[in-house]
Amino acid sequence: MKKGRIRSYPLWHEVGSVPDTFAGRYISYREWMESVLYHPKSGFYISGRFPIGKKGDFITAAGSRAFARGLCLYFSNIIGKNRLPQVFCEVGSGDGSLAERFIKEWGQTSPQNCGDFRYYSVEISPRSRRLQQERISHPGFTAVSRPEEVEPFEGILFSNEFFDALPVHVVMRCGGKLYEVLISVTGSRLEEHMGPLRDEEVLVYLERFPDLEIPEGHHVEIPICMLKTYRSMARPVKRGFLITIDYGYRFSELRRAIYREGSMRGYHDHRMVDVRRVPFACDMTCHIHFDVRVKKGIRLGFSGWKLM
């Protein structure tokens, strides 16, 4: 079916690393992000390049001692009030900076109980997990690649800027109809195209969450992978709390002009860049749907949700 071109972008970097399977095809943003971020060899988060820190592309609060100390005190307060075991599970733990600082702070905050403390670190990158094992020697520390590998536990499940980096579909409304935004790579240009919306998971998502009203001309990311990952994350938690820090918005905010072109962003060398121009050289983040996160959390058994 003929697809209308929306926009065209000159690529800043050589695109020789783009998989040959993309050649001559229209692909979804989900397929594009899966390759750019998580390809087994060249994926931004898998290749072994560490994007966080002064020498990387961005800095997060989770890498600071102050953040680790505050989170540690919060953890102590929650498990004390709710009589929970000393178990902390971090998903998307990167190079282990937070884990290392948190474990050190916990040893100083509650030295009498440190022997019973458990820290699960879930990180998909093999190189990052090896680095974690090198820098963290606490007997209660365990690094795994996926949430399914975590033993059932009672305690705290935590993530920081994790869901906003999961692959998404992109849809837009044009002439009152919804279309999927597809992309193609031709030579040194990446082009967006308006194609028919046929993906069954996206259609079910839009039907399940009717409050997501997409304004005319707006691009909106549909976080299908967020729902699937959320479910696998929550499965090991028998009793406890979920604490997650992410960029996002409520559906009521969607009409704001800043979201007209979507919320997809990238950071390279500590500067915000257009992710369509720098494939395989920057991260990709999208605002998550807080309304969906809350509803999905309730279905998974979490209650007492608070957005702060």
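Colleague: How much space lies in the largest cavity?

Modeller: About 40 Å³ of space lies in the largest cavity of this predicted model, in which local features need pLDDT of at least 70 and side-chain atom pairs count only at pLDDT 80 or more, while totals for chains, interfaces and linings use all residues. Residues are numbered from 1 along each chain as its sequence is written, and side-chain values use heavy atoms, with hydrogens and water left out.

Colleague: What makes this space a cavity and the other a pocket?

Modeller: On a 1 Å grid over the protein atoms alone, a cavity is a set of points where a 1.4 Å probe fits but cannot get out, whereas a pocket is an open set with protein on both sides within 12 Å along at least five of seven lines. Grid points are joined across faces, edges and corners, and a volume is the space filled by probe spheres set on the points. By this rule there is 1 cavity of 30 Å³ or more.

Colleague: Which residues line the largest cavity?

Modeller: Lining residues have an atom within 4 Å of a point, and for the largest cavity they include Tyr-29, Glu-192, His-219 and Arg-276. The lining divides into 3 nonpolar, 2 polar and 4 charged residues, where Ala, Val, Leu, Ile, Met, Phe, Trp, Tyr, Cys and Pro count as nonpolar, Asp, Glu, Lys and Arg as charged, and the others, Gly among them, as polar.

Colleague: What supplies the lining of the second largest pocket?

Modeller: This pocket has a volume of about 870 Å³, and among the residues closest to its centre are Leu-242, Trp-305 and Lys-306. The largest share of its lining, 9 residues, comes from β11, a strand being a DSSP run of E of at least two residues and a helix one of H or I of at least four, numbered from the N terminus.

Colleague: Why is strand β9 called mostly covered?

Modeller: Buried means under 20% relative accessible area (exposed is over 50%, partly exposed in between, with a 1.4 Å probe and protein chains only), and 6 of the 8 residues of β9 are buried, so the strand is described as mostly covered.

Colleague: How do you know how far to trust the coordinates, and where is confidence lowest?

Modeller: pLDDT is the predictor's confidence in each residue, from 0 to 100, and the protein averages 84. Confidence is lowest in strand β1, at a mean of 62, and highest in strand β3, at 97. Where pLDDT is low, the predicted coordinates should not be read in detail.
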